[in-house]
Amino acid sequence: GGNKIERARDLFEQALEKCPAKFCKPILLMYGKLEEDHGLAKRAMNIYERATRMVSGDDRFDMFTFYIAKATANFGLAATRPIYERAIESLPDKQTAEMCLRFANLERKLGEIDRARAIYSHASQFCDPRTQPNFWKEWNSFEIETGSEDTFREMLRIKRSVQAQFNTDISYIAASAIKASEKA
């Protein structure tokens with residue numbers, strides 16, 4: 001009931017001290033909920049931020065999504081920018097692309113069209129046009145709605161460049177696989 005919050009904090013800290021990453025998520029979520037209900041919102045946000053670093057790689061994207069939702073509810077949309085930036089730096093490529101799309105939509109809501117365009121540009125390096133056409137459709141519709149002819153051409157130039165890069169990478173991988181099979 002919030003009477004012995006220091007004792008509860010101490011117990012959570014002890015539980016997390018040697019907890020393996022794959023089991024940390026539920027403990028951290030309970031700890032954050034305790035702080036939200038009986039402590040300070042800032043302290044709860046620090047726990048959720050810590051959770052994004054402590055949980056296993058499988059849970060990291062979900063934890064960032066949860067943390068962003070809580071930050072939006074407590075501090076507003078603009079407060080989520082640093083969280084998105086950290087998520088983009090620390091997630092694997094496929095999840096980075098998804099997080100970039102969400103970040104670009106946030107910037108769009110805030111009216112920051114140039115920032116959204118820069119985020120799409122950054123995310124493009126993770127998205128092969130043949131395997132992830134949804135990303136390119138979304139960027140295409142964004143440019144049609146908000147861009148100019150020059151920005152649309154730049155998007156098409158980046159798309160060709162990325163496709164060429166992925167073609168080169170795939171050719172290299174295929175060549176390496178053929179060489180490996182010949183040696184075996």
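How many aromatic pairs does the structure hold?

## Aromatic pairs

In this predicted model, the structure holds nine aromatic pairs. One of them joins Phe12 and Tyr31, whose ring centres are 4.8 Å apart with the planes at 10°, so the pair is stacked. Because Phe12 belongs to helix H1 (residues 5-17) and Tyr31 to helix H2 (residues 21-38), this pair ties together parts that are 19 residues apart in sequence. Phe12 and Tyr31 are both buried.

A further pair is formed by Tyr48 and Phe66, with ring centres 5.1 Å apart and planes at 85°, so the arrangement is edge-to-face. Tyr48 lies in helix H3 (residues 41-54) and Phe66 in helix H4, so this pair ties together parts that are 18 residues apart in sequence. Tyr48, at 1% relative accessibility, counts as buried, whereas Phe66, at 30% relative accessibility, counts as partly exposed.

## An aromatic cluster

Tyr120, Phe135, Trp136, Trp139 and Phe142 together form one aromatic cluster.

## Packing of H4 and H6

Helix H4, which spans residues 57-75, also takes part in a helix-helix contact with helix H6 (residues 93-109), the two axes coming within 11 Å and crossing at roughly 15°. Because angles under 35 degrees count as roughly parallel, H4 is described as roughly parallel to H6. The crossing in which H4 passes H6 is right-handed.

On the H4 side, the contact is made by Phe61, Phe64, Thr65 and Ile68, and on the H6 side by Gln95, Glu98, Met99 and Arg102.

Technical notes:
Residues are numbered from 1 along each chain as its sequence is written. This is a predicted model: local features need pLDDT of at least 70, side-chain atom pairs count only at pLDDT 80 or more; totals for chains, interfaces and linings use all residues. Side-chain values use heavy atoms; hydrogens and water are left out. Axes are lines fitted to C-alpha atoms, for helices over the stretch in contact, and angles run from 0 to 180 degrees between N-to-C directions. Helices (H or I, at least four residues) and strands (E, at least two) are DSSP runs, numbered from the N terminus. Angles under 35 degrees count as roughly parallel, over 145 as roughly antiparallel, 65 to 115 as roughly perpendicular and the rest as oblique. A crossing is left-handed if the near helix is turned anticlockwise from the far one by less than a right angle, and right-handed if clockwise. Contact means heavy atoms within 4.5 Å. Rings of Phe, Tyr and Trp (its six-membered ring) pair if their centres lie within 6.5 Å; planes under 30 degrees apart count as stacked, over 60 as edge-to-face and the rest as tilted. Buried means under 20% relative accessible area, exposed over 50%, partly exposed in between (1.4 Å probe, protein chains only).
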